[in-house]
Amino acid sequence: MKKSTTLPKLLEKTQKVFNAYIRQRDKELGCISCGAEVEQAGHYHSQGHHSALRFNPINTNGQCRRCNMFLHGNLIKYRQGLVDRYGEMVVLDLEDSANKNRLKKWSRDELETIITKYK
Ligand SMILES: [Zn+2]
């Protein structure tokens with residue numbers, strides 16, 4: 001990657017690669033909140049308030065546009081979907097980690113590692 005790429009641009013690219021991976025991973029499973037067709041990658045803990053979790057593959061799952069955009073994540077059903085998919089313990093761990101670690105400044109190296117991993 002060229003050095004001239006700005007950090008915000010790199011962040012954007014990383015999110016794009018990561019979200020594409022999530023959509024592909026969950027294509028057969030359906031929207032985590034309602035089971036409809038996966039159209040987007042939706043965060044359980046929002047990336048704005050929880051930047052530390054924005055590339056966490058448990059915090060991010062395939063969703064339909066309706067749940068992700070119009071129902072703001074449809075979070076009560078999202079949580080139920082998480083429990084069904086990963087188990088209550090994993091969800092409690094995720095919530096614990098969200099409370100302890102909210103914001104994170106991602107470094108160029110970390111982002112490049114994520115891109116390589118999920119590409
Ligand atoms: Zn849905």
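Which residue forms a salt bridge with Asp26, and how far apart are the closest N and O atoms? The partner is Arg25, and the closest N and O atoms of the pair lie 2.7 Å apart; a salt bridge is defined here as a side-chain nitrogen of Lys or Arg within 4 Å of a carboxyl oxygen of Asp or Glu. The structure is a predicted model, in which local features need pLDDT of at least 70 and side-chain atom pairs count only at pLDDT 80 or more, while totals for chains, interfaces and linings use all residues. Residues are numbered from 1 along each chain as its sequence is written, and side-chain values use heavy atoms, with hydrogens and water left out.

The protein chain contains five helices and two strands, arranged from the N terminus in the order α-β-β-α-α-α-α. Along the principal axes, the C-alpha trace spans about 40 × 30 × 25 Å. Of the 119 residues, 39% are buried, where buried means under 20% relative accessible area, exposed over 50%, and partly exposed in between (1.4 Å probe, protein chains only). Contacts (heavy atoms within 4.5 Å) were also examined by sequence separation: among those between residues at least 6 apart, 72% join residues at least 24 apart.

A search of the whole structure finds seven salt bridges. Asp26 also pairs with Arg85, with the closest N and O atoms 3.7 Å apart. This pair links distant parts of the chain, since Arg85 belongs to helix H3 and Asp26 to helix H1 (residues 7–26), 59 residues apart.

Ser33 is located in the loop between H1 and strand E1 (40–43) and is buried, with a relative accessible area of 10%. Leaving aside neighbours within four places in sequence, Ser33 is in contact with Gln63, Cys67, Gly73, Asn74, Lys77 and Tyr78. With Gln63, the side chain of Ser33 makes a side-chain polar contact of 2.9 Å. A polar contact is a pair of N or O atoms within 3.5 Å; within protein, one must be able to donate a hydrogen and the other to accept it, and residues adjacent in sequence count only if both atoms are side-chain atoms. The C-alpha atoms of Ser33 and Gln80 are separated by 7.5 Å, although the two residues are 47 apart along the chain.

At the surface, Met69, Phe70 and Leu71 form a nonpolar patch with about 320 Å² of accessible area together. Leu71 lies in the loop between helix H2 (65–70) and helix H3 (75–86) and is partly exposed, with a relative accessible area of 34%.

Key
Patches are made of residues with over 30% relative accessible area and no salt bridge: like charges are joined within 9 Å, nonpolar side chains (Val, Leu, Ile, Met, Phe, Trp, Tyr) within 5 Å. Accessible areas come from the Shrake-Rupley method with a 1.4 Å probe; for residues, only the protein chains shown count as cover. Helices (H or I, at least four residues) and strands (E, at least two) are DSSP runs, numbered from the N terminus.
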